[in-house]
Amino acid sequence: MQIIKTLTAIAITGTVIIGVSSTQAAVSGPKPESINWSFNGVFGTYDRASLQRGFQVFQNVCAGCHSLNLVAFRNLKALGYNENEVKAIAAEYEVQDGPNEDGDMFDRPATPADHWPAPFANSRAAAAMNGGAVPPDLSLITKARGSGGDSAIRVSMLQPSGFPLGADYVHGLLTGYLEEAPVGFDLPEGKYYNKYYPGHSIAMSSPLGEDAVEYNDGTKATTDQMSRDVTTFLVWASEPELEHRKQLGVKVILFLIVLTAMLYALKRRIWANVH
Amino acid sequence: MSGGTSKFQSNNGLVNWVEHRLPIFSFMDAQLNQYPTPKNLNYFWNFGSLAGIILVIMIVSGIALAMSYTPHTEFAFSSVERIMRDVNSGWLIRYLHVNGASMFFIVVYIHMFRGLYYGSYKAPREILWMIGIFILLAMMATAFMGYVLPWGQMSFWGATVITNLFSALPIIGEPIVKLLWGGFVVENATLNRFFALHYLLPFVIVGLIFMHLWALHMHHSNNPTGVEIKDEKQDTIPFHPYYTIKDLYGLGLLLTFFAFFIFFAPNYFGHPDNYIMADPLVTPAHIVPEWYFLPFYAILRAFTTDFFMYIPFAWLMSAKLAGVIAMFASILVLLALPWLDRSHIRSSNYRPAFRIFYWVFVIDCLVLGWVGGQAAEGILVTIGQWATFWYFFHLIIVVPVVGVLERPKALPNSIAASINGAPQAAE
Amino acid sequence: MSDTAQNAGQSTGGNAEIDEQTRRDFLIWSTAAVGAAGTALAVWPFIDQMNPAADTLALASTEVDISKIMVGQSVTVIWRGKPVFVRHRSADEISEAEVVDLALLPDPQADGARVTKPEWLIMVGVCTHLGCIPLGQKQGEEKGEFGGWFCPCHGSHYDTSGRIRKGPAPSNLTVPTHRFVDDTTVLIG
């Protein structure tokens with residue numbers, strides 16, 4: 001009877017979880033391909049080389065229109081750069097400071113403490129520069145378009161069926177452009193057809209043409225390669241704590257399993273005379 | 001206060017000095033140590049203590065977050081991201097708090113469904129049950145306001161939709177909404193006061209829990225047979241060490257479950273749109289509340305204008321107002337449950353006919369939850385309407401009627417008898 | 001605690017009962033120890049979150065470009081939210097500071113102990129009395145009787161080494177840790 005009750009509880013909880021997972025309104029359009037990212041899974045980590053390549057793609061392609069407000073130059077140490085390299089990267093950019101003694105605002109080279117400077121002064125300027133569409137800030141993009149950069153255990157029943165993995169969506173979008181819209185699809189002027197963007201007509205043109213970037217480490221810059229790298233970088237930008245979180249999680253859950261087992265043994269011991 | 005009889009005595013001078021002035025030691029001895037508890041409680045009785053511990057976790061993590069959070073529309077979103085990225089262990093505390101809210105509702109809903117199954121709300125525990133409903137209402141208000149604080153798209157638009165509901169009230173509706181907002185839309189004034197109230201309400205919940213436990217200790221816990229304690233020595237065991245260790249074990253299980261979400265699926269219960277800063281000029285494709293509100297959201301949306309044309313006296317109120325009233329009624333009707341239930345038998349273990357309806361009700365609540373998360377289109381509207389109908393039909397019609405008409409199984413003589421398998425007396 | 005638990009094991013030999021008791025005690029103590037360790041580890045993040053955050057620590061050091069500061073010129077920079085006086089001392093100021101008899105000082109400290117390079121005096125510009133910002137950085141400001149800095153709030157006088165000479169301040173202007181990254185840059189903090 002006890003077992004039945006416990007199993008029922010688990011079944012209900014399971015149903016609720018599955019139910020919850022399919023309650024979220026689905027993103028329209030086909031589901032993007034599921035990639036086996038290095039940061040997926042219980043033991044996921046970031047591929048540092050990919051992060052650096054992705055950062056290169058971001059710097060050279062995306063940063064022209066997209067801001068990365070929440071990332072500071074000092075955060076780039078996580079990509080494997082040392083103190084001096086980070087200072088050098090920061091110094092390539094200018095940030096506004098001031099007012100100075102005359103009361104004027106002025107530009108100065110960025111330091112590691114500064115956050116990534118936006119390519120535009122405000123969102124209205126951004127829209128004006130981009131035909132009315134505001135390029136979104138990319139600091140949280142993979143968490144804002146799906147279930148972040150990780151679904152811990154790739155058991156399909158646990159993955160919210162309505163939301164793709166954020167990383168899968170971004171990668172899908174970047175590689176999902178079609179030269180021509182399918183027959184019968186009414187693509188507005190100035191827009192482009194994308195397989196995965198909700199509604200399919202996106203204001204951003206395909207950003208990752210072959211060899212758009214010449215990788216420092218010599219890797220061939222195919223569209224797919226650049227997309228995977230920049231997606232990895234963007235997942236890191238959204239979740240810099242991911243590796244630490246998962247490593248700590250393994251330790252915490254192992255500890256809790258041991259403690260719970262000990263508590264159970266003690267419970268059985270204490271209850272022995274009642275049963 | 002009834003509890004265990006305290007035979008508390010101490011040789012310690014300091015203890016006695018304090019005890020003489022504030023009998024805290026004999027109080028704790030009576031209520032936490034000796035306190036007689038039925039010996040046959042199953043694991044569904046763990047959920048009360050689990051809820052209490054989660055509340056403590058929420059308060060501690062909430063206070064830590066409040067040290068770094070800024071309740072101003074300009075800074076709220078970025079202050080939360082600062083917590084996630086710059087504050088030491090900030091991401092851990094934030095994920096603990098947001099997933100803790102989901103854990104809190106999972107535990108409390110199971111706790112309530114336990115009460116519904118075993119008739120724990122029946123005399124003499126009516127007030128215990130009613131205080132519990134007030135705790136639920138306070139939890140829901142707290143969670144609603146808490147979700148607004150990160151100032152994401154869902155924060156803003158969820159707040160807009162739900163506060164707008166009050167405009168359905170005739171005459172006083174619009175002024176009330178302006179009063180709630182502190183402006184003409186959800187804006188900085190709203191966010192700031194939600195923060196103040198979100199910080200306050202958990203302590204109101206603590207007070208309600210004190211009353212909840214006081215009421216509980218008056219007549220002691222119910223138990224799976226629904227038969228009251230007859231003989232303390234035969235039917236009960238002291239709370240410590242039996243239920244302290246059992247509660248600790250249950251806590252271990254809960255924390256393991258909880259930890260999985262914090263560390264490996266921290267955004268599972270959330271919505272991606274809330275990682276986009278609130279934009280009053282852009283409405284998200286689908287506005288959805290957090291999962292624990294979905295059944296009530298479904299009830300609210302069930303009252304569509306079309307549907308409403310078939311109800312007599314429809315001219316008295318709009319569909320919107322009917323939805324709002326039904327939504328609140330779905331919780332308030334639970335207050336009447338002790339009186340709606342006409343059965344003399346508490347536990348559904350001995351009510352085979354009612355048991356079937358109980359599980360139908362559980363499934364109905366799950367269906368309502370599922371409907372609440374979908375877009376309100378097509379067949380889903382009809383399903384939602386039937387599920388809403390059944391929800392109220394179950395509580396207002398089925399519960400009293402089945403209680404009167406059913407033929408229950410014979411109850412055991414006592415708790416002890418039920419464990420020993422003694423021959424059962426006729427009801 | 002275990003009066004009812006003692007009733008367990010109404011077994012034959014006293015030995016078996018004692019063994020049972022020892023094993024149960026061990027289980028209790030070991031579980032409690034594991035639980036306590038876990039609790040301590042769980043509590044730590046809540047305390048640590050009050051420590052300065054990463055963005056605050058990033059501003060813990062400030063680099064100052066000293067190439068444009070002429071001899072005899074002073075510049076005020078912000079470091080950890082406080083003003084810091086960076087002065088390019090003249091030869092006269094340096095020798096003045098070096099010849100002072102330490103016995104005369106309320107807070108005896110040799111000039112050499114306060115600087116890394118004698119021509120660069122770097123001090124936190126907060127009076128050690130009650131926290132006002134002393135005058136003397138700008139041309140034409142009151143410099144006090146000892147040619148250094150003067151605090152207008154309660155009349156503390158500091159010399160060309162920033163040491164207190166007269167007035168209620170108890171100690172010399174604080175010299176923050178600093179090092180010269182190269183000839184034109186000093187890193188404070």
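The following questions and answers go through the chains of a predicted model and the contacts between them.

In this predicted model, local features need pLDDT of at least 70 and side-chain atom pairs count only at pLDDT 80 or more, while totals for chains, interfaces and linings use all residues. Residues are numbered from 1 along each chain as its sequence is written, chains are lettered from A and ligands numbered from 1 in the order in which they are written, and side-chain values use heavy atoms, with hydrogens and water left out.

Student: What pattern does chain A follow along the sequence?
Tutor: Helices (H or I, at least four residues) and strands (E, at least two) are DSSP runs, numbered from the N terminus. Chain A has 8 helices and 5 strands. Read along the sequence, the pattern is α-α-α-β-β-α-α-α-β-β-β-α-α.

Student: Of the 275 residues of chain A, what percentage count as buried?
Tutor: Buried means under 20% relative accessible area, exposed over 50%, and partly exposed in between (1.4 Å probe, protein chains only). For the 275 residues of chain A, the buried part is 45%.

Student: Why are the buried residues of α3(A) on the same side of the helix?
Tutor: Helix α3 of chain A spans residues 83–91, and its residues A:Val86, A:Ile89 and A:Ala90 are buried. They share a side of α3(A) because they cover an arc of only 100° around the axis, taken from the directions from the helix axis to the C-beta atoms. The buried residues of α3(A) pack against α2 (48–62) of chain A. The value that puts them on the same side is the arc of only 100°.

Student: How many residues of chain B are in contact with chain A, and what is the area buried between them?
Tutor: Contact means heavy atoms within 4.5 Å, and buried area is the accessible area (1.4 Å probe) that two parts lose on being put together, summed over both. By the contact rule, 54 residues of chain B touch 57 residues of chain A. Carbon and sulfur atoms give 72% of the area buried between chain B and chain A, which is about 4800 Å².

Student: Which three residues supply more than any other three of the area that chain B buries against chain A?
Tutor: The area buried between chain B and chain A is about 4800 Å². A share of 18% of what chain B buries there comes from B:Arg85, B:Phe264 and B:Tyr268.

Student: Which side chains meet in a salt bridge between chain B and chain A?
Tutor: A salt bridge is a side-chain nitrogen of Lys or Arg within 4 Å of a carboxyl oxygen of Asp or Glu. The rule finds 1 salt bridge across this interface. At 3.1 Å, N to O, the pair is A:Arg74 and B:Asp86.

Student: Which residue of chain A forms a salt bridge with C:Glu63?
Tutor: Chain A puts 12 residues in contact with 17 residues of chain C, and the area buried between the two chains is about 1300 Å². Across this interface the rule finds 1 salt bridge. The closest N and O atoms are 3.1 Å apart, and the partner of C:Glu63 is A:Lys87.

Student: Is B:Ser348 buried or exposed?
Tutor: B:Ser348 lies in the loop between α15 (337–340) and α16 of chain B. Leaving aside neighbours within four places in sequence, B:Ser348 is in contact with residues including B:Leu116, B:Tyr117 and B:Tyr118. With a relative accessible area of 0%, B:Ser348 is buried.
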